[in-house]
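The structure is shown first, and the points are grouped by topic after it.

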Amino acid sequence: VYSVSWASGMDEHRIIAGTSRSKIFIWDTSKGKLIHKLSIHTDAIYKVCWGRIDKELFASASRDGFCLVSKVADGSVLKRYKHPRAAYGCDWSHSDKNLLATGCQDGIVRIWDVSKDIDTPVVQLKGHKSRVFNCVWSPSLPSMLASGSDDKTIRVWDLSGPTIQSKVMSGHTQNVRAIAWSSEIPYLIISGSWDASIRMWDIRDASCIRVLTDHHADVYGLTAHPSRPFTFASSSRDT
């Protein structure tokens, strides 16, 4: 299992998972019941993301080069967003139910508008020099999107103006895998890397304000506690 995502709100008992064997599973955890087993991809699924605003949709990114937008109710595919190479990350906007960001092996971050009857991105963010493994919208700054790459950097993109700006955060010595925004401090972002470190960044000046070295192997996952915004959990190959 490469990725899991909880539904939110009244549907918080439902969970979705994507696997290395190209399967998607949706469970009702309150009943311990499997709702759906879906075979909509043809290769490993690296990321699944339940819709934050429209909770009847989910997105899935796969090594088959597609990010799919599907219905929770029956697993039917509504959108097929083709990438030139493997799609690794996907994330729904917190403020616009139609905006979906994806990260690709070609190093480009793409933003899609699911309300439009087109299969091309509305924005392409170019700047990374290697594959983009993760992309995460800010929960409190609607125009801000962060991406982590095998070029060892994190970029924070500001989509608010007529010209898209980005800040580059450098310091990791290996591929960047995990990214998490603080829900309490809008300008704070946390990253995890194959260099086994976790770094905290101030996006206002792209400075690293703290380095944690408690792990002993690749850091793949970071998440903030939903009700304790200063508490974060991390996962690594060392555990």
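At 56% relative accessibility, arginine 237 counts as exposed, whereas aspartate 218, at 15%, counts as buried; buried means under 20% relative accessible area, exposed over 50% and partly exposed in between, with a 1.4 Å probe and protein chains only. The model is predicted, so local features need pLDDT of at least 70 and side-chain atom pairs count only at pLDDT 80 or more, while totals for chains, interfaces and linings use all residues. Residues are numbered from 1 along each chain as its sequence is written, and side-chain values use heavy atoms, with hydrogens and water left out.

**Salt bridges**

- The count comes to 8 salt bridges, each defined as a side-chain nitrogen of Lys or Arg within 4 Å of a carboxyl oxygen of Asp or Glu.
- Aspartate 218 and arginine 237 form one of them, with their closest N and O atoms 2.9 Å apart. This pair links distant parts of the chain, 19 residues apart: aspartate 218 is in the loop between β20 (207–212) and β21, and arginine 237 is in the segment after β22.
- Arginine 177 pairs with aspartate 150, the closest N and O atoms being 2.6 Å apart. Arginine 177 and aspartate 150 are both buried.
- Arg131, Asp150 and Arg177 are linked in a network of salt bridges.
- Arginine 14 pairs with glutamate 56, the closest N and O atoms being 3.6 Å apart. Arginine 14 is buried at 12% relative accessible area, and glutamate 56 is partly exposed at 38%.

**Largest pocket**

- About 1800 Å³ of space lies in the largest pocket. On a 1 Å grid over the protein atoms alone, a pocket is an open set of points with protein on both sides within 12 Å along at least five of seven lines, and a cavity is a set where a 1.4 Å probe fits but cannot get out; lining residues have an atom within 4 Å of a point.
- The pocket is lined by 45 residues, of which Val4, Lys47, Ile179, Leu222 and Thr223 lie nearest its centre.
- Elements that give two or more residues to this lining include β1 (3–6), β5 (45–50), β17 (176–181) and β21 (219–224).
- By class, the pocket lining has 24 nonpolar, 15 polar and 6 charged residues.

**Cavity**

- The structure holds 1 cavity of 30 Å³ or more, and about 40 Å³ of space lies in the largest cavity.
- Residues lining the largest cavity include Arg52, Asp54, Trp92, Asp96 and Lys97.
- By class, the cavity lining has 3 nonpolar, 2 polar and 4 charged residues.

Conventions. Grid points are joined across faces, edges and corners, and a volume is the space filled by probe spheres set on the points. Helices (H or I, at least four residues) and strands (E, at least two) are DSSP runs, numbered from the N terminus. Ala, Val, Leu, Ile, Met, Phe, Trp, Tyr, Cys and Pro count as nonpolar, Asp, Glu, Lys and Arg as charged, and the others, Gly among them, as polar.
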